[in-house]
Structures are given as structure tokens and as C-alpha cells.
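Open the model in your viewer and colour it by secondary structure. The stops below go from the whole chain to single elements.

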Amino acid sequence: MHVPLIGRLSIREYTALIAGFSLLAVETILRFIIFFLPKPVINWFYDRSRFLFHRFAAPRKPTSKEQSTSHAIRMARDFGELCALWEYEYEEHVVLTKDGYLLGLHRLPAKRRQGRGTGTSTGKPVVYLHHGLLMNSEVWVCLTEAERSLPFVLAEQGFDVWLGNNRGNKYSKKSIHHDPNSTQFWNYSIDDFAWHDIPDSIQYILDITRVPSLSYIGFSQGTAQALAALSIHPPLNEKVNVFIALAPAMNPAGLSQPIVDGLMKTSPTLMYLLFGRKAILSSAPSWQAILYPPIFTWVIDASLTTLFNWRSRNIAPEQKLAAYAHLYSFASVKSVVHWFQIMREAAFQMYDDDVSAFVSPHAPGAYRAYRPARFPTKNISTPVVLLYGDADSLVDIDVMLKELPAHTIAKRLRGYEHLDILWGQNVDEDVIPEVLNALGKYADVPEEQEDADVGTGKISMDR
């Protein structure tokens with residue numbers, strides 16, 4: 001059955017569309033109100049939500065070391081304060097992309113308590129880490145134990161560690177051509193990450209460190225960006241000695257919520273109607289400001305369960321409180337639309353500029369005059385190592401391996417979901433050793449490894 005005026009929408013999709021617009025209207029009104037609220041009023045809402053949580057959800061518990069660490073991480077305002085909690089010095093760098101965006105890079109040039117770097121070459125092998133969708137570099141260093149934080153472990157192992165940021169996020173909200181309040185600033189997709197952000201960041205790092213190649217470690221969309229970049233820039237393969245993909249994202253099947261999944265696949269550009277053409281979910285920081293952290297954590301957990309069927313049981317409660325405060329960063333609506341186009345076509349392709357709505361490419365008789373170019377990922381010559389969770393709804397490893405070069409190595413992590421690979425309780429036993437093994441095989445691993453064991457990833461990092 002179809003609605004006459006929107007003939008290609010089913011009743012279920014039409015209902016979801018109306019519900020989506022209604023929720024968006026309510027969210028817009030609340031965001032407008034929150035924006036003009038004075039700080040005392042925001043604090044009042046925060047205190048009331050805290051009272052209600054402890055009154056009805058959970059009794060107060062004595063403060064433990066884990067809780068105090070979690071609180072300190074949650075309250076840290078930026079990457080530098082997160083590093084300071086574990087006594088790491090860091091550097092800030094800025095990359096100007098060829099199309100005019102200014103990207104923030106963070107660097108851990110030395111081991112703990114060994115002082116600040118010089119901004120130049122350290123003589124160490126270089127590792128570059130890149131975050132996922134709606135994230136920034138803070139997600140790598142917001143763990144409640146330093147030995148579970150991959151960048152800190154790599155620094156202790158003697159690597160020169162760099163962490164990237166996508167255009168538009170907390171550390172890269174600047175362009176020499178466009179104002180961040182303009183739609184032109186947010187007119188970018190995964191294509192732009194692949195053409196500019198990744199290769200330009202890598203080249204900057206190589207220029208500073210004066211090494212011929214680096215090792216790339218990506219998480220989620222950070223893996224897709226690297227796959228796309230390596231596939232369309234053949235010379236880039238010579239500059240990356242190994243690509244390690246954590247929770248790799250390439251052509252996910254879709255969302256676990258059938259109504260939302262069906263509607264977005266039918267018309268990915270419906271996202272533009274719901275969220276506009278700038279940043280997506282830009283009100284998230286406002287909600288975080290007025291909600292008591294356990295309530296905010298519950299909202300995030302509920303959303304992840306609804307959309308992706310992730311239960312996050314491998315992430316400790318105190319880790320969630322700490323990490324979820326650093327989970328969200330700005331991203332363009334267009335980059336999310338791009339993902340729904342990839343899901344819709346079941347192909348890892350470039351952004352489709354044909355915005356014809358409500359047409360399923362798999363419908364009987366459907367015809368398209370052209371097909372968007374696909375990223376030629378089979379042409380990648382860089383060694384590729386995939387670390388994926390077998391409980392991750394966004395990873396279909398069999399489909400992925402068919403589109404990757406024959407030399408790709410895939411390692412299964414039993415019981416792991418998507419975010420578990422970042423913040424799971426046992427990443428120091430299950431994930432980090434695999435990363436170190438891959439680096440040991442393909443990269444120039446430092447000979448000096450004081451107080452470290454490459455085989456286990458365990459290091460001594462008492463505060």
C-alpha cells in the first residue's frame with residue numbers, strides 16, 4: 001500500500017518520515033531554548049537530573065580510584081588535558097589541505113615523563129592514528145587505564161605517535177575559503193577525506209619527521225578513509241608501510257532499526273531534509289551540558305542499541321562515563337548521506353551527486369543513466385591487517401575481503417562489538433598485542449623497549 005501524494009513511500013516509511021520531522025522540530029525548539037539559557041539555569045537542570053537519577057535509578061556509592069579517574073577524564077576539556085592526566089607531553093600541529101581546510105594534528109613524541117618534543121624529527125618510527133565518524137583524536141586517549149590506551153602504549157614502545165582529525169571536527173573547524181557557519185564549509189563527504197585530509201596529513205607528518213613511510217592505524221570511518229585514499233593515490237602506498245584497520249568500515253549492510261534503515265536507503269538525501277546541509281547533531285553538546293552523565297550515558301547506549309544492536313557489555317560503566325563525554329564531534333550531514341548511499345548501493349563508492357529521491361536501485365525496472373565511481377580498493381599495495389569484532393553489526397568480513405587485495409590479513413576478535421575495540425575492558429590483552437604484532441612484522445619497530453613486552457602489550461604505567 002502506498003500513499004497517493006508520495007507514491008513511492010510505503011505507509012511504514014511515511015510514518016517514519018512524519019515522526020522524524022516531528023522529533024526534529026521538537027529538538028530544534030529545545031536547542032534554541034538551551035542556547036539562550038543562562039548558566040545558572042543549565043546548572044539547575046543538571047542538578048535536578050542528578051537528583052532524579054540517584055533517587056530512582058541508583059544509590060550513591062563510595063568514591064573509588066576508578067570513579068575519580070573516570071570523573072577526571074570526563075571533565076578534561078581537550079586532548080592536552082587528557083594527556084596531562086597521565087603525564088604525557090604533546091605537540092599541536094596544523095595541516096593546510098590543498099582545498100584550504102586547516103586540520104589539527106596531535107603528536108606524542110616521547111615516552112611518559114620524558115618531556116616535550118622539538119617539533120621536528122625524533123628518529124623514531126612513526127605511527128598515525130585516525131578516528132571514526134562523529135569523533136576526534138580524544139577518543140584514543142580517554143581510557144580509564146593508560147595501558148589500555150593505544151597511543152600511550154605505542155609511545156612507551158618507542159614510536160613517534162601522531163593523531164589526526166577530520167575537517168569540521170573540534171580541532172579542524174577552520175578553512176581559508178569558507179566560514180564554518182556557511183553551507184559551503186560543510187559541503188564535504190568521504191571523497192574529500194580521501195582526496196585531501198588523509199594524504200595531506202600523511203605528507204605533513206613525513207615532512208616533519210623526515211622518514212620515508214609511516215604506519216597507519218584507523219578506527220571505523222578512519223579505516224574507510226584510508227582504504228579510499230590508498231586506492232585513488234597509488235604513490236601514497238609507498239608512504240604507508242602497513243595499514244591496520246580497527247573495526248573496519250567499508251560497505252556495511254545497514255542499520256538494525258528496520259524503519260530507519262529502509263527509509264534512509266530508499267532516499268539517503270532525506271537526511272538533508274531532516275538535518276539541513278551543515279553539521280549533523282550539532283545540539284549534542286547542549287544535551288550533554290544539561291544531563292547528568294549517567295543519564296547521558298544511558299541515552300547514548302539506548303541509541304546505539306536501537307540503531308546498531310550494540311549492547312556495549314564489554315565496556316565498563318566507568319569507562320562509558322569517561323569516554324562518552326568525548327565521543328561526539330562535528331561532522332557534515334553530507335558525509336553521513338554518503339554512508340547511506342554506500343549502504344543503499346551495497347558498494348564502496350564515491351559520493352553520488354544524483355539527488356533523485358525515493359528511488360530504490362534494486363526495484364524492478366529501476367534504471368540509472370550512470371553509476372558513481374567505486375573506490376578501486378583491490379589496487380592497494382600497502383599491507384592491510386583487519387581487526388574486527390565478530391559481534392559488530394557494521395562488519396561483513398566476507399563481503400569486505402572480496403573487495404580488498406589478496407594480501408589482506410583478517411583477525412577476528414571474539415565477542416567484540418564496534419566500540420569495544422576502542423574502549424573494551426580487555427583491549428590491552430586482545431587488541432593492542434595484535435596491533436604491536438602487525439607493526440613488528442611490517443614496520444620498523446624500535447629496538448629499545450624498556451619496561452615493555454611486544455608479545456602482550458603490557459607495560460608498567462602506574463600514576
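This is a predicted model: local features need pLDDT of at least 70, side-chain atom pairs count only at pLDDT 80 or more; totals for chains, interfaces and linings use all residues.

Numbering starts from 1 along each chain as its sequence is written, and side-chain values use heavy atoms, without hydrogens and water.

**Whole chain.** Select the protein chain: 17 helices and 8 strands (DSSP runs, H or I of at least four residues for helices, E of at least two for strands, numbered from the N terminus). Of its 463 residues, 54% count as buried (under 20% relative accessible area, 1.4 Å probe, protein chains only).

**Helix α6.** Select residues 190-209. This helix has 20 residues and reaches 27 Å from first to last C-alpha, close to the 28 Å expected at 1.5 Å a residue (1.5 Å times one less than the number of residues). Because 16 of the 20 residues of α6 are buried, the helix is largely enclosed by the rest of the structure. Next comes R210, with a positive phi near 60°.

**The sheet.** Now show the strands, which form an open sheet of 8 in the order β1-β2-β4-β3-β5-β6-β7-β8, with mixed pairing (a pair needs at least two DSSP bridges). At the edges, β1 (91-96) and β8 (409-413) each have a single partner strand, so one side of each lacks a neighbour in the sheet. Zoom in on β1 and β2 (residues 102-108): they run antiparallel and are joined by 6 bridges. E92 has H106 in β2 as its bridge partner.

Technical notes: Buried means under 20% relative accessible area, exposed over 50%, partly exposed in between (1.4 Å probe, protein chains only).
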